[in-house]
Amino acid sequence: MALADSASGLSNGGDADSPFPEIIELNVGGQVYLTRHKTLISVPDSLLWQMFNQKTPKELSRDSKGRYFLDRDGFLFRYILDYLRDLNLVLPDYFPEKCRLKREADFFQLQDLSKRLSPKVSKENSISEEISQSDPEEVGFLGGAGGSTASLEPTRFVSTMTSTHARSQSLESRKSGYITVGYRGSYTIGRDAQADAKFRRVARITVCGKTSLAKEVFGDTLNESRDPDRPPERYTSRYYLKFNFLEQAFEKLSEVGFRMVACSSTGTCAYASNDPSEDKIWTSYTEYVFCRD
């Protein structure tokens, strides 16, 4: 008879000798995933294979709801899981997280996936590297009689290209544009407005604008889980911040040259109960528009 493990998945309709259910429920960094047991053990000697093939359920960490817990990047784990299903790597266009995904592949001991994510050196780059590291006498010979002068030219060329690239990167990172920061907050006013409680409680700070600008300003503090894989030149209104302090968001915008150009707010009032003498609860939605010329 199939065993059941209601805390972590459905009944075990797979291998009768396995203590794990057929369907496994995972909590990876706060993101919940459901997958088959055979998917997790599809790559022998990987970390997940060791966890779900060599250990028992009691040996693995679980969250408060009984799901198997992995303290890793929950967003990137979706690509790890996709790879385990058919051992193919398919990434979206403009995928900016290859280095971080490689780190996850290394952690889960997926050697083939890690190799696929390793940066490839193009033929042109290898040729340039050979020239820049070649013997000065050979460079001088290629330049003619003025061997010593010619040997300095590659260094000048590399230095010029490096500075030009740095300037272009600087200009690229300082693109003009708009970013809108919004939040829905609430606060309670006591009787006769003599006291306040939970003043300006901010549930979540949203970020709207071009993807590349939002990532430049907020970096790792930007939560992209509601709109992943968005190309850098596209716009989004579904990002939000991992912190709840407006002033922190304003400082980050100011540090990279943004200034506030507009602000709007709406609010409503309601009583906490049917008794008009009780505290009033105000809720509001506010947006701040920032611009960089």
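This is a predicted model: local features need pLDDT of at least 70, side-chain atom pairs count only at pLDDT 80 or more; totals for chains, interfaces and linings use all residues.

Reader: How are the rings of Phe 52 and Tyr 68 arranged, by the distance of their centres and the angle of their planes?

Author: The ring centres of Phe 52 and Tyr 68 are 5.4 Å apart and the planes stand at 90°, so the pair is edge-to-face, angles over 60 degrees being counted that way.

Reader: And which elements does that pair tie together?

Author: Phe 52 belongs to helix α2, residues 47-54, while Tyr 68 belongs to strand β3, residues 68-70, so the pair ties together parts that lie 16 residues apart in sequence.

Reader: How many aromatic pairs are there, and which residues do ring pairs link into a cluster?

Author: The count comes to eleven aromatic pairs, and ring pairs join Tyr 33, Phe 77, Phe 107 and Phe 108 into a cluster.

Reader: Where does the charged end of Arg 72 sit?

Author: The charged end of Arg 72 is placed over the ring of Phe 107, at 3.8 Å from the ring centre. There is also Arg 204, which lies over the face of Tyr 240, 3.9 Å from the centre of that ring.

Reader: Moving to the core, how many residues has the largest nonpolar core, and which have the most contacts inside it?

Author: The largest nonpolar core has 28 residues, and those with the most contacts inside it are Leu 26, Leu 48, Phe 52 and Phe 77. At least two residues of this core are supplied by each of β1 (23-28), α2, β3, α3, α4 (98-107) and α5, and the largest share, six residues, comes from α3.

Reader: Which residues of helix α3 are buried?

Author: In α3, which spans residues 77-86, the buried residues include Phe 77, Tyr 79, Ile 80, Leu 81, Tyr 83 and Leu 84.

Reader: What does Leu 26 touch, beyond residues up to four places away in sequence?

Author: With those set aside, Leu 26 touches Gln 31, Val 32, Tyr 33, Thr 35, Leu 40, Phe 52, Arg 67, Tyr 68 and Phe 77. Apart from the core discussed above lies another core, of 21 residues, among them Val 181, Val 202, Ile 205 and Leu 213.

Reader: Back to α3 for a moment: what follows it?

Author: Helix α3 is followed by Leu 87, whose phi is positive and near 60°. Most residues other than glycine have a negative phi, which is the reason I would point out this one. Leu 87 lies in the loop between α3 and α4 and is partly exposed, with a relative accessible area of 37%.

Reader: What about Gln 109, where is it found and what is its phi near?

Author: Gln 109 is found in the loop between α4 and α5, and its phi, also a positive value in a residue other than glycine, is near 60°. Gln 109 counts as partly exposed, at 36% relative accessibility.

Reader: Next, Leu 117: which helix is it in, and is it buried or exposed?

Author: Leu 117 has its place in helix α5, residues 111-117, and it is buried, with a relative accessible area of 7%. Leaving aside neighbours within four places in sequence, Leu 117 is in contact with Leu 89, Leu 91, Lys 98, Leu 101, Lys 102 and Ala 105. From Leu 117 to Arg 103 the C-alpha to C-alpha distance is 9.4 Å, and the two are 14 residues apart in sequence.

Reader: And Thr 39, what does it touch?

Author: Not counting residues up to four places away in sequence, Thr 39 touches Leu 81, Leu 84 and Arg 85. Thr 39 lies in helix α1, residues 37-40, and counts as buried at 10% relative accessibility.

Reader: How many cavities of 30 Å³ or more does a search of the whole structure find?

Author: The search finds one cavity of 30 Å³ or more, and the largest cavity has a volume of about 40 Å³. Lining the largest cavity are Phe 75, Phe 95, Pro 96, Glu 97, Lys 215, Glu 224 and Asp 229.

Reader: Last, how many helices and strands does the chain come to?

Author: The protein chain comes to ten helices and nine strands, and buried residues make up 32% of its 293 residues. Among contacts between residues at least 6 apart in sequence, 58% join residues at least 24 apart.

Conventions:
Residues are numbered from 1 along each chain as its sequence is written. Side-chain values use heavy atoms; hydrogens and water are left out. Rings of Phe, Tyr and Trp (its six-membered ring) pair if their centres lie within 6.5 Å; planes under 30 degrees apart count as stacked, over 60 as edge-to-face and the rest as tilted. Helices (H or I, at least four residues) and strands (E, at least two) are DSSP runs, numbered from the N terminus. A charge sits over a ring if NZ of Lys or CZ of Arg is within 6 Å of the ring centre and within 35 degrees of the ring normal. Buried means under 20% relative accessible area, exposed over 50%, partly exposed in between (1.4 Å probe, protein chains only). Contact means heavy atoms within 4.5 Å. A nonpolar core is a set of buried Ala, Val, Leu, Ile, Met, Phe, Trp, Tyr and Cys residues joined through side-chain atoms within 4.5 Å. On a 1 Å grid over the protein atoms alone, a cavity is a set of points where a 1.4 Å probe fits but cannot get out, and a pocket is an open set with protein on both sides within 12 Å along at least five of seven lines; lining residues have an atom within 4 Å of a point. Grid points are joined across faces, edges and corners, and a volume is the space filled by probe spheres set on the points.
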